[in-house]
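Dear colleague,

Please find below the structure that I am handing over to you. My notes on what was found in it follow directly after.

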Amino acid sequence: MNNFIKIHPADNVAVALSPVAAGTVFEGVTAREDIPQGHKMALCTIPAGENVVKYGFAIGHATEEIAPGAWVHVHNTKTNLSEEGDYTYDCKAEAVAPVAPATFQGFVRADGRAAVRNEIWVIPTVGCVNGIAQKLCRDNAHLVSGSLEGLYAFPHPFGCSQMGDDHAQTRKLLAALARHPNAGGVLVLSLGCENLTHEQFVEELGEYDENRVKFLTCQDVEDEFEAGSRLLKELADYAKAFERQPVPVSELVIGMKCGGSDGLSGITANPAVGAFSDLLIAQGGSTVLTEVPEMFGAEGILMNRCVNREVFDKAVKMITDFKHYFTSHGQVVYENPSPGNKKGGITTLEDKSCGCVQKGGSAPIVDVIGYGDAVVTKGLNMLSGPGNDLVSATALTAAGAHIVLFTTGRGTPFGAPAPTLKIATNNSLAQRKKGWVDFNAGPVAEGETIPEAGKRLFDKVVAVASGEQTENEKHGYREISIFKDGVVL
């Protein structure tokens, strides 16, 4: 196998596919020093001030002259990014050729929506009842039998002492989770004196099936555990009427994000997810790409794939609004990557972003949706949300993602409410963290093609959609985190 890869013909750096010793030769260039896996080596002299080019795009500029064969990283490279952005629409959207959809073994809800799990979710409207929600799940675990696959609570610290947009976002996010089809039954658990009132929640939720969604306000009953157990029994009886059956993959909505990225993320795992996305969209399904701050520097790659000017304008607004969010707090937009990203070989935000957007494949972008909004257009969607793993995975679930694909070069154990399928960028992580990783994209660095990896991932997603548990599900790792911006009273 090759020790390095040159991703694009225009690149002036190559990426080490494995740890490379000084003296190793690639394309006539000799490594002057040891190059860690995922890190970059200069393929020619890069003068001070000149761009470092990877993926065919500038990922920053040299802060000093970099000799051929030298290690290219934070010690000699700096971002080109600023808070400004000037976007023009140059449509390059090309539809993916449609094919007949495969099927998975899923559930079909009373309203016709598909699901990949049949669970009961207990959703607190306020952090004060988190303990009650968790105890109700423990006390009623015996209800899980037959086609009912789980009983889970999703604690969070909000629902009170919030104002304005934060209060509205909490209300919107929790109502969106209550509508998620993977929940065959939902118990909305309130305290009774919080800002997020029962009336507000019902108004946000909209029309709902009273057999599927139940409400309990703890201050209104003498024994909340007795009342909660009774309601959970009713929900369990309702949910157990659903059984797995063949469902076309065109009904699937799959979220896509990354975390703990390394220098191989944009070479192995993210392109494999992009290939998967194109395969699913070709069969009529939908995918969702989020983490707006990790689009900075590569947003033009995505914007020009918007299907029309209206979607392009929504994408521009999403990017500029997020930049304003940073600057309004006195922060620069490029305070990224993280220490772990840098250790893995990512040098600048442009470097990270160009790798991140590979998850979007090549399909046109059909819509841009807001935080807490649901996917309504089949195809590739962009979702407004931050890069934070728990916040963005929760937002993907709220958008209707049946499964979240999570690529990682460093590894992470967490899980969203939806099954969270971890995809390793490298063989070492996949071998060391079998209890975290569900799919290994590492073979791409050894010669497996991106289409082959994408098809292998497609088959894995179908298996998970049909009931195969992800590692986070096996270990009971399920959390939510809600985006906030303002004060806490």
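Which residues of helix H2 are buried? They are Asp 166, His 167, Thr 170, Arg 171, Leu 173, Leu 174, Ala 175, Ala 176, Leu 177 and Ala 178, where buried means under 20% relative accessible area, exposed over 50% and partly exposed in between (1.4 Å probe, protein chains only).

Before going further, please note that this is a predicted model, in which local features need pLDDT of at least 70, side-chain atom pairs count only at pLDDT 80 or more, and totals for chains, interfaces and linings use all residues. Residues are numbered from 1 along each chain as its sequence is written, and side-chain values use heavy atoms, with hydrogens and water left out. Helices (H or I, at least four residues) and strands (E, at least two) are DSSP runs, numbered from the N terminus.

The buried residues of H2 pack against strand E12 (119-124), strand E14 (183-190), helix H3 (198-205) and H10. H2 has 15 residues and reaches 22 Å from its first C-alpha to its last, close to the 21 Å expected at 1.5 Å a residue; the expected span is 1.5 Å times one less than the number of residues.

Just after H12, Gly 467 takes a positive phi of about 125°.

Strands

Strands E11, E10 and E16 form an open antiparallel sheet in the order E11-E10-E16, where two strands pair if DSSP finds at least two bridges between them. The edge strands, E11 (114-115) and E16 (245-248), each pair on one side only. Strand E10 (residues 103-108) is joined to E11 by two bridges, and Val 108 has Ala 114 in E11 as its bridge partner.

Elsewhere, E19 and E20 run parallel and are joined by four bridges, with Val 368 opposite Met 382 in E20. E19 is largely enclosed by the rest of the structure because four of its five residues are buried.

Gly 385

Gly 385 lies in the loop between strand E20 (380-383) and helix H10 (389-398). Gly 385 is buried, with a relative accessible area of 1%. Leaving aside neighbours within four places in sequence, Gly 385 is in contact (heavy atoms within 4.5 Å) with Thr 290, Glu 291, Val 292, Pro 293 and Phe 322.

Pockets

The largest pocket holds about 580 Å³ of space. A pocket here is an open set of points on a 1 Å grid over the protein atoms alone where a 1.4 Å probe fits, with protein on both sides within 12 Å along at least five of seven lines; lining residues have an atom within 4 Å of a point. Of the 22 residues that line the largest pocket, Gln 169, Asp 321, Tyr 371, Ser 384 and Phe 483 lie nearest its centre. Helix H2 (164-178), helix H7 (309-328) and strand E19 (365-369) each give two or more residues to this lining.

The second largest pocket holds about 380 Å³. Its lining has 24 residues, with Arg 113, Val 253, Val 375, Ala 399 and Gly 400 closest to the centre.

With kind regards

Definitions and conventions:
Grid points are joined across faces, edges and corners, and a volume is the space filled by probe spheres set on the points.
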